[in-house]
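Subject: Structure handover and notes

Hello,

Here is the structure I said I would pass on. Please open it and keep it beside you while you read the notes that follow.

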Amino acid sequence: MSEPRDETPTRDDTHAGPSGSHVAAPAVPDLPVIVVVTSDDDTRAVLDSEMRRRYATDYEVLTCRRYAHAQAILDGLRRWERDVAMILSFYGPKDPHGLNFLRRARSIHPTAKRVVVVEWGNFDSRGPIFRAIAEGHVENFLIRPERARDEEFHGGVGDLLHDWHWAQGTSGFEAVRVIGHHDERTHTLRDAFARNHIPVGFYEADEESSRRILRGLGLDEPEFPVLDLRFTSPPRTLQNPSDTDLVEAFGLTTQLDPDVVWDTVVIGAGPAGLAAAVYAASEGLSTLVVEREAIGGQAGTSSLIRNYPGFARGISGNHLAFRSFHQAWMFGAVFHFFRSATGLEVDDDEHRVLMSDGTTARTRTTIVATGVDYRRLDLPEVEDLIGRGVFYGAAVTEARSMTGFPVHVIGGGNSAGQAALHLAKYARHVTLLVRGADVSASMSEYLVAQLRATRNVEIRHLVEVTGARAVDGRLTEVEVTGREDGAAEWAPCQGLFVLIGASPHTTWLEGVVERDEQGFVLVGADATEVTGTAGGRFRQPLETTASGVFAIGDTRRGSVKRVATAVGDGAAVVAAVHAHLAPRTMQ
């Protein structure tokens, strides 16, 4: 449907309120902006009132009645380099032009949350709205408030603004300041802090602002990266800290009582491990969770998961993981961060989990939920540039630094698709490199549709990266080679994000449980087939070849690489833990 021609904007087109005065330019340059636009007078009055009443303290709310003027406002905000957090428009018989406007707004402010508001009962609008969402032109829909204190509406707004702020990294509060170079260790620390919801600010070591900070800390020739821990009393400064240093500085050095035997120890805090911790702790099992990096695993790096049941508007992987972490924590699960399992000793009635900090956890059962790592490219010139333009995962952490640059994403799965879509909000152009002939074979259809509808995303099939070039230690080009014809070309690239394959983190289990040739752990019938029954009984579905040791999520052979199935494993394994513990409890 075409949109009628707008007249020249008048002084009443943009309001401080439904009947307020014209706003020639944003009045508070430090505040993010929320733009509301619709030609329907009733809806505009409702949205303007609701948004101002709840959000005007922290956001500048601009309300427009004409779409042409709203677009002019968005153009101006871009010129003024203002952050636009959300754009709300209405769609329905009273105003059929909201979806068209949001489609255009995507190219002007791609990082803004684009929300279409509908009137309750207007079910005929669902087709165009769902198509717009599927193609990525609109992020979500909300039902127009029809009563005071419409918390469902504001809950949706709040979730969207939360995800916007987390993606932008613009909280303003810095619990930790990282001063360093663009290198692998600095990147690893920044990524871990961000994924663990630790407010972090990064300062390039060569900039004058960083030198002022270092002088204030009394450091003349520091060893980078430098961490300024501003939340401690008094503040502490660390130079090139090890993981052990971080654990001690963050107060995470809770000593394990050598006389305590846990009911279960969960190794890994991805979706599977977190679900296991929630169910185990809620059912009264003493539960210890060991995590080497950050909660959420690979799923925690996803900018938006749209197909997780119960979250119709979608949810970021980090947001979902952090909610699960809080659940497990409140039920009494104990978490040990920045530690990894290095070995497992199994006796009939007790296991001993050996950890990287030299401690040992005693437990009656062990749940292996260590997930998988992204497979490496095995190209020396690429590996040398990790943190300096080459990243394994980390699209959310590094996306803002890619603003205006060409980037490449390697991978054909959902993680790669989500990364490409998120990076496209910042990068000038995103090229998704897929080894296979059809990305639809390994990626959810909703992601494929959004990628194809995103103007600055290109999908290339049957290609792989075979080389990289750098200038002053930073990635500048990648070599892309066709897998069928061998033709190679060099392409400008300031960011290469690698999300390929799955390498299970199970080498520490060597000699303890049986794994397949790729390292995935055998469970249930697969384990029984290899070693026979366990003491005259068939193993439980998630039990490994070692009695009382279970494997869940992406770690086990035959898993479906989806968040929902990993969570299902986490829930199911607790019943198996109870079944294993029951005979021993009765003895």
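What joins the side chains of glutamine 71 and arginine 104? A polar contact of 3.0 Å does. Before going further, please note that this is a predicted model.

Glutamine 71

Glutamine 71 sits in helix α2, which covers residues 67–79. Its relative accessible area is 25%, so glutamine 71 is partly exposed. Setting aside residues up to four places away in sequence, glutamine 71 touches Phe101, Arg104 and Ile108. Leucine 102 is 31 residues from glutamine 71 in sequence, and their C-alpha atoms are 9.8 Å apart in space.

The nonpolar cores

As background, nonpolar side chains in soluble globular proteins tend to be buried together. The largest nonpolar core here has 48 residues. Within that core, the residues that touch the most other members are Leu377, Val409, Leu423, Val430, Leu496 and Phe497. Several elements give two or more residues to this core, among them β19 (406–410), α13 (414–423), β20 (429–434) and β25 (495–498). Helix α13 gives the most, with five residues.

To see one member in detail, select valine 409. Leaving out neighbours within four places in sequence, valine 409 is in contact with Ala416, Ala420, Leu423, Val430, Thr431, Leu432, Leu433, Phe497 and Leu499. Another core lies apart from the largest one. This other core has 45 residues, including Ile198, Leu246, Phe322 and Val577.

Is lysine 113 buried or exposed? Lysine 113 has a relative accessibility of 8%, and therefore counts as buried. Lysine 113 belongs to strand β5, residues 113–118. Beyond its neighbours within four places in sequence, lysine 113 is in contact with Ala85, Met86, Ile87, Glu139, Leu160, Asp163, Trp164 and Lys425. Lysine 113 and asparagine 140 are 27 residues apart along the chain, with 8.2 Å between their C-alpha atoms.

Asparagine 318 is in helix α10, residues 317–331. Asparagine 318 counts as buried because its relative accessibility is 1%.

Which residues make the nonpolar surface patch of about 540 Å²? They are Trp120, Phe123, Phe130, Phe141 and Ile143. Phenylalanine 141 is part of strand β6, residues 140–143. With a relative accessibility of 31%, phenylalanine 141 counts as partly exposed.

Salt bridges

Side chains of opposite charge can pair when their charged atoms come close. How many salt bridges does a search of the whole structure find? The search finds 38.

- Glutamate 208 and arginine 215 form a salt bridge of 3.0 Å, N to O. Glutamate 208 has a relative accessibility of 35%, so glutamate 208 counts as partly exposed.
- Arginine 364 and aspartate 263 form a salt bridge of 3.1 Å, N to O. This pair links distant parts of the chain, since arginine 364 is in strand β16 (residues 360–368) and aspartate 263 is in strand β11 (residues 261–267), 101 residues apart. Arginine 364 is partly exposed, with a relative accessible area of 33%, whereas aspartate 263 is buried, with 16%.
- Glutamate 477 and arginine 469 form a salt bridge of 3.3 Å, N to O. Glutamate 477 counts as partly exposed at 23% relative accessibility, and arginine 469 counts as partly exposed at 39%.

There is also a network: salt bridges that share partners join Asp40, Lys94, Glu119, Arg144 and Glu146.

Regards

Methods: Residues numbered from 1 in each chain as written. Predicted model: local features only at pLDDT ≥ 70, side-chain atom pairs only at ≥ 80, totals over all residues. Heavy atoms only, no water. Core = buried A, V, L, I, M, F, W, Y, C linked by side-chain atoms within 4.5 Å. Buried < 20%, exposed > 50% of the residue type's maximum accessible area, 1.4 Å probe, protein only. Helix = DSSP H or I, 4+ residues; strand = E, 2+ residues; numbered from the N terminus. Contact = heavy atoms within 4.5 Å. Patch = residues over 30% accessible without salt bridge, like charges linked within 9 Å, V, L, I, M, F, W, Y side chains within 5 Å. Areas by Shrake-Rupley, 256 points an atom, 1.4 Å probe, with all protein chains shown as cover. Salt bridge = Lys/Arg side-chain N within 4 Å of Asp/Glu carboxyl O. Polar contact = N/O pair within 3.5 Å; in protein donor to acceptor, adjacent residues only side chain to side chain.
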